[in-house]
Amino acid sequence: MNYEHVRETDPAIADALEGEVQRQNDTLAMIASENHVSEAVLEAQSSVLTNKYAEGYPGERYYAGCEYADEVEELAIERAKELWGAEHVNVQPHSGTQANQGVYYAVLEAGDKILSLDLNHGGHLSHGHPANFTGQFYEVEQYEVDADSGYIDYDELRAHAEEFEPDIIVSGYSAYPREVDFEAIQEAADAVDAYHLADIAHITGLVAAGVHQSPVGVADFVTGSTHKTIRAGRGGIIMCDEEYADDIDPAVFPGGQGGPLMHNVAGKAVGFKEALEPEFEEYAEQTIENAKALGDRLQEHGFELVSGGTDNHLVLVDLRPSHPDTTGKDAEEALEEVGIVLNANTVPGESRSAFNPSGIRAGTPGLTTRGFDAEACREVADIIYEVVDNYDDEDVKADAAERVDELTDEYTLYE
């Protein structure tokens, strides 16, 4: 990648950008919320649309000179409608969290009730954590996964809803490795006359490809990130039936944001076009196959997976049964040393701090983008096991680093 103009103006930033390209090329991105976009998406995200204010919506802007901004946003919207089958789409949220914020602002009042999955059980900060605005503005109770199976107990969720009587139930998760039964959650919402927000931030691409059931047309609102499994420009999205359009759009602008980041919207549009190609379904299928292969091999090595496996793009490892003295942070740092970048993560029944938890979360979207197949992911699992099992052994880590180098050389990323 060429940063010649940046280098002329700001060599320090050019060094950092070139270093980041090299880091991504030379390491394995296994943080489940990360992926590698195409160079076409990168070009769109760094385009001259960064110069353009376009407050409002296509055809109804507060500034002149928006004809091309309108064209870009309309293309992003139409492609999203085709991908997910939604009646109404807002592509302006700057992130998945701000997409959730738009829904809350649209239909809730301060003090209203949210029922969502506990963060330690796979939920997300923006679903009601006390450190987030949702936990400060709303009354929140949280459901949990079943302690024995690691699965969501939908009957228990419904019973919790009937007792709590929430105004909105949130589904969709950041560290839940199983397919979500959105219809069961919708039934719970209907039983208590609550809205249902399905946050598919992690599985947008899997849903678009039809390899995970879709909440579109089931839940009242569907939000998501556009840069994870969907591999489009970085940001968020809201989908809903047309009846909610006049509530959602003003909640995003001017309710929660000013001018949209039109260069990001362009990146979304390009990524959505790529996701409409037949090859994308193959990518999504391979992402899941790779996650299953990764998880199966980790279990062969004695690791315990929350829920015993995966149906999607990630695995969640509880280190306590196999490595009781090793924290998630120990594992994360040792693996980063050898070029495997994943994250320490809380697990159900967490007994440690969220800053140094008992688990690790690993995803396969980035590996699959590089071309990894199931056998390559099994080799990655072998390396993870050897490093975690000997995280303070420099010889083991040196050997692991060489094997990672061989994989990154075989499965190249950016030129």
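Predicted model: local features only at pLDDT ≥ 70, side-chain atom pairs only at ≥ 80, totals over all residues.
**Entry 1: the largest pocket**

I started with the open space. The largest pocket holds about 820 Å³. I counted 27 residues in its lining, and Tyr 3, Gln 24, Val 37, Leu 42 and Tyr 414 are the closest to the centre. Which elements supply at least two residues each to this lining? I found helix H2 (11–26), strand S1 (28–29) and helix H3 (39–45). By class, I get 11 nonpolar, 10 polar and six charged residues around the largest pocket.

**Entry 2: the second largest pocket**

Next I looked up the second largest pocket, with a volume of about 650 Å³. Its lining has 32 residues, and Leu 119, His 124, Leu 125, Ser 174 and Arg 361 lie nearest the centre. Helix H5 (96–107) and strand S14 (343–345) each give at least two residues to that lining. How does the lining of the second largest pocket split by class? I noted nine nonpolar, 19 polar and four charged residues.

**Entry 3: cavities**

I find three cavities of 30 Å³ or more in the structure. The largest cavity comes to about 80 Å³. Fifteen residues line the largest cavity, with Tyr 173, Tyr 176, Val 180, Ile 203 and Asn 312 nearest its centre. I sorted the lining of the largest cavity into seven nonpolar, six polar and two charged residues.

**Entry 4: a patch on the surface**

Outside, I picked up a nonpolar patch made of Tyr 53, Tyr 62 and Tyr 63. Together these tyrosines have about 400 Å² of accessible area. I placed Tyr 53 in the loop between H3 and strand S2 (56–57), and H3 is also one of the elements that supply the lining of the largest pocket.

Inside the order, I see five bridges between S12 (residues 314–318) and S15 (residues 359–363). As a reminder to myself, strands of a sheet pair through backbone hydrogen bonds.

Most peptide bonds are trans, and most residues other than glycine have a negative phi. I logged two exceptions. Phe 253 and Pro 254 are joined by a cis peptide bond, with omega about 10°. Pro 254 is in the loop between helix H10 (245–252) and helix H11 (262–275). Glu 165, not a glycine, has a positive phi near 55°. I located Glu 165 in the loop between helix H7 (154–164) and strand S7 (168–171).

**Entry 5: salt bridges**

Last, the charges. How many salt bridges does the structure hold? I get 18 salt bridges. I followed up on one of them, between Lys 329 and Glu 332, where the closest N and O atoms are 3.3 Å apart. Lys 329 and Glu 332 are about one helical turn apart because they are three residues apart in helix H13 (residues 328–338). In general, side chains of opposite charge can pair when their charged atoms come close.

Definitions and conventions
Residues numbered from 1 in each chain as written. Heavy atoms only, no water. 1 Å grid on protein atoms, 1.4 Å probe; cavity = no way out; pocket = protein on both sides within 12 Å on 5 of 7 lines; lining within 4 Å. Points joined across faces, edges and corners; volume = space filled by probe spheres on them. Helix = DSSP H or I, 4+ residues; strand = E, 2+ residues; numbered from the N terminus. Nonpolar A, V, L, I, M, F, W, Y, C, P; charged D, E, K, R; others polar. Patch = residues over 30% accessible without salt bridge, like charges linked within 9 Å, V, L, I, M, F, W, Y side chains within 5 Å. Areas by Shrake-Rupley, 256 points an atom, 1.4 Å probe, with all protein chains shown as cover. Salt bridge = Lys/Arg side-chain N within 4 Å of Asp/Glu carboxyl O. Pairing = 2+ DSSP bridges.
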